[in-house]
Amino acid sequence: MEEQKELFHEVNESYTMLEAINEAKRCLHCKVPQCKKGCPISHDIPDWIHELSKGNLGNAMKIINDKSNLPAVCGRVCPHEKQCEGHCVLSKKGQAIHIGKLERFIADFDGGMGLIRENLQPKTRGRIAVIGSGPAGLTIAGDLARKGFNVEIFEMEPEPGGVLMFGIPEYRLPKEIVRREIKKIEELGVVFHCNTTVGTDINIDQLFERGFDAIFMGTGTVKPKKPDIPGRNLKGVRQAVYFLRKVSLYNEGNIAREDVPIQEGDRVFVIGCGNTAMDGARTAIRMGAKDVEIVYHRTVNEMSALRSEYEEAVEEGVKFNWQSKIVEILDKDGILNGVVIEHNGERRTEKADKVLMAIGSVPASRVVSTTKGIEVDESGYVLTRETPCGMTSRKGVFAGGDVVNRPSTVVLAMRDAKNVADGIAQYVDAIKLLEAINAKDWAGDKN
Ligand code: SF4
C-alpha cells in the first residue's frame, strides 16, 4: 500500500513560505486587475496576494473565505491557465503570477494552522436541505450557513465530496485536502447525512414534510454517456468515472485490487479527450497498465482537456491517436481482445485488454422522477428561473451546477451555486415575511 500511495502522490509541489512571499511580491497590485476579471467567482486576487506579500496570511485567508468555500481545491484543480493566470497582465511576457499555487499555499497553511475562527451568525433564517455534496452542494451549504441558515446535506455516498472525493484522482487532489475543506464547512454548522439517497431513501416531498423551507439539488451529471459502438457492452469496457471511483476506493483500502477493472500489464484504450479521459489514462498508468492510448476524433487543439493535463499525460507515457475513432470493440469467447480504429478512412485492428469510455455524462433522473413538478429538458437537465435565481418549476426547489448547466469545471459549478444561494436566501426570507404578516393579520382579526 505504501508503494501505491507513492504512485498517487500529488504531482504538483507546493511553495515554501519564502517562495510564496517572493512570488506574491511580483504582483503589481493592478488598479483594474485583469486576473479578477478572469476568475468566475471574482476573487479579490490582488488584495489577498498583497496581504500574503506582507506575510499576513490570516488576512489573506479572510479575503479568500469571503468568496470561496473550497480554496485548497480551487488552488489545485481550477483551469488557472484559462482563467486568472491567463488574464494576468504579466502573462503577456510569459510571467503570469502563479495565482493558483499561491491560493493553494494560503489554504494549506490555514488548514495546518487553523488561522481563521469565524464569528458565526445565529441560525435563525430558515432550514435548507442540500442534495449532493459535490462542489455546488458544498458551496451553497457554506454560503447559506454563513448567512444564518440551518443547512443539512444529503449524500448518497458513504463520505461527502462527490466528484472531488471519487472523481478527481489523488495525484491531482489528495483526499485529505478534500476532507479538510469539508471539515471547515462542518465547522460552519452544516450537518451531513451520508449513505442517504434522495429519490430512494427519502424524496423531495418528505424533505418538505420534515420542515425544510427550501431544497437545493446539486446532484451533478452522474450518468455517463455510452458511445454507439459494437462491442460496447463487453465486460472489459468500463466508464472512466467508474474506474476512477474504484481506484479511489482501492487507495483508501475499501476494496480489493481485483475489484479495480484494470490489471497490471493491460493494454488500455480510452475514448474521449476531456479531463476525465486524461484522469482515466494517467490513473491506468499508475495502476500498472503497460500501454495506454487515448483515441479522439478531433485534433489536439480541439480537445477539452487542459493543455497542462495533456502535457503531463504525455510525460507519463500516455499515447494519443488524433482524428481517430474506435469503430468496433472485438472479443474472443466474450472476452475483450481488440479494437478497430479508423483514421483517415482507413481501419486497423489493435490488441486491447480494456477500454475506458469518457465521452461525457448527463443527469440521473432519481430525484425528479420521484416527485412532481420539476421540469427538465429533453436531455434531463433541470430547468430553472432567473428570479429567484435557480428556482425550478416547483416552488421551493432550487437547482444549480452541472445538473442545470451541463458538465463543467469545479469553479463554474461554484459560481452558479453562489448565485443560487442568494436566490434561496431571498425566497426563504420572503416566505417567512409573508408567514409573519399572515400570522399578524390573523391575530389582528381576532382582536
Ligand atoms: Fe497581480 Fe497579475 Fe492580478 Fe495584476 S493581473 S493584480 S499583476 S495577479
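Colleague: Into which domains is the chain divided?

Modeller: There is domain 1 (9–113), domain 2 (127–222 + 362–438) and domain 3 (226–359), with bounds from an automatic or database domain assignment. This is a predicted model, in which local features need pLDDT of at least 70, side-chain atom pairs count only at pLDDT 80 or more, and totals for chains, interfaces and linings use all residues. Residues are numbered from 1 along each chain as its sequence is written, and side-chain values use heavy atoms, leaving out hydrogens and water.

Colleague: How many residues do domain 1 and domain 2 bring to their contact?

Modeller: Domain 1 gives 24 residues and domain 2 gives 26 residues; contact means heavy atoms within 4.5 Å.

Colleague: And what area is buried there?

Modeller: About 2000 Å² is buried between domain 1 and domain 2, with 66% from carbon and sulfur atoms. Buried area is the accessible area (1.4 Å probe) that two parts lose on being put together, summed over both.

Colleague: Which residues of domain 1 lose the most area to domain 2?

Modeller: They are Asn-69, Leu-70 and Val-77, which together make up 32% of what that side buries.

Colleague: Now to charges: how many salt bridges cross the interface of domain 1 and domain 2?

Modeller: The rule finds two, a salt bridge being a side-chain nitrogen of Lys or Arg within 4 Å of a carboxyl oxygen of Asp or Glu.

Colleague: What does Lys-184 form a salt bridge with?

Modeller: Its partner is Asp-110, and the closest N and O atoms are 3.4 Å apart.
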